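Here are my notebook entries from a walk through one model.

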Amino acid sequence: MSAKHKTRSNIGLNIVTSCISTTLVLVLIGIVVFFVSVAREFSRNLRENFTVTLMLDDETPNSAAYALQQQLRALPCAAFVNYVSKEKAQALQTAALGCDPAEFNGSNPMPASFEVHLKADYANPDSLKQFIPALKANRYVLDVDYPEKLMDDINRNIRNISTVLLVVAGLLMFVSFVLINNTMRLSVFSRRFEIRTMQLIGARPSFIRRPFMRNAFWVGLIAAVLAVALLSFGIKLLLEFDPAQSANVTWYVVALTLGAVFVAGICLTLICASFSVNRYLSRSETELYRM
């Protein structure tokens, strides 16, 4: 085998090795982004299940109930508003207790009510305190009820878990960058004497970087495509295994995960390749032999 063919073979082997290594690292990045995004979506869905219940006086006229409904819908904290009639409230209470509460006094004791389903950003007692006093002041509202303690507990747990996830994600992202950087450095290291040869014949740094950056781009692109394919297959298997996760694995989560992997694959390999080439551009021949 000629030296030229041997050199091409070595370059090809380095590219294949770099693609495999980079793909595995990008899959790791994708998993981190996916779980952080799913955790964020889960916490949002959890907080949007909170409701504020306004129990109405039995003598509330239809016009006042309609005006109150319009007022509730206009609140910035309201995702949507449900009206629960006395009859529906009685049926729900009967299903929950296993007996009809009207049997005890001969009439339906359940009041009509409005259920205000909250937006995730407002599902905390501090935000609701801006709106609750005005609602309680309405002459037709008997009481305003919401799970204040449960909100506090869940929001505190979400903050703690989010902090842990972000720290872990930050560490894994740093590790991923180091791994990709080492992969690019090894790829450039095997061709360090080519860099020196081009320097000796007067090639400009931009000209020397060009083939390495081109190879890095293709390595990043191929690795990103492979990582996206593997992650897409994994997400598909997850949804088939547990269809209930479709509430948390939204199109936004999938797009964010795959998009982040694709961009990271190209950007990180180009950045790391540039650093690696610059490292050898500044070395003397003696230093290259000592490496």
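Is R44 buried, partly exposed or exposed? I found R44 partly exposed, because its relative accessible area is 27%; buried means under 20% relative accessible area, exposed over 50%, and partly exposed in between, with a 1.4 Å probe and protein chains only.

A note on what I am reading. This is a predicted model, in which local features need pLDDT of at least 70 and side-chain atom pairs count only at pLDDT 80 or more, while totals for chains, interfaces and linings use all residues. Residues are numbered from 1 along each chain as its sequence is written, and side-chain values use heavy atoms, with hydrogens and water left out.

**Entry: salt bridges**

I looked up the salt bridges and got five in the structure; the term takes a side-chain nitrogen of Lys or Arg within 4 Å of a carboxyl oxygen of Asp or Glu. One of them joins R44 to E41, with 2.6 Å between the closest N and O atoms. R44 and E41 are about one helical turn apart, because three residues separate them in helix α1. (Helices are DSSP runs of H or I with at least four residues, strands are runs of E with at least two, and both are numbered from the N terminus.) E41 is buried, as its relative accessible area is 6%.

I then went to helix α7 (residues 148-189), where K149 lies. K149 makes a salt bridge with D153, at 3.1 Å from N to O. The two sit four residues apart in α7, about one turn of the helix. K149 is exposed at 61% relative accessible area, whereas D153 is partly exposed at 22%. I also checked K149 against N124: they are 25 residues apart along the chain, and their C-alpha atoms are separated by 9.6 Å.

In helix α9, K236 and E240 are four residues apart, about one helical turn. Their side chains meet in a salt bridge at 2.6 Å, N to O. K236 counts as partly exposed, at 47% relative accessibility. Shared partners also link salt bridges into one network of E41, R44 and E48.

The spacing makes sense to me: an α-helix has 3.6 residues a turn, so residues three or four places apart point the same way.

**Entry: helix α2**

Which residues of α2 are buried? I listed A64, A65, L68, Q69 and L72.

**Entry: aromatic pairs**

My search of the whole structure gave five aromatic pairs. The pair of F34 and F35 is edge-to-face, because the ring centres are 5.5 Å apart and the planes meet at 75 degrees. (Rings of Phe, Tyr and Trp, its six-membered ring, pair if their centres lie within 6.5 Å; planes under 30 degrees apart count as stacked, over 60 as edge-to-face and the rest as tilted.) F34 is buried at 8% relative accessibility, whereas F35 is exposed at 52%.

**Entry: V25**

V25 lies in helix α1 (residues 3-48) and counts as buried at 7% relative accessibility.
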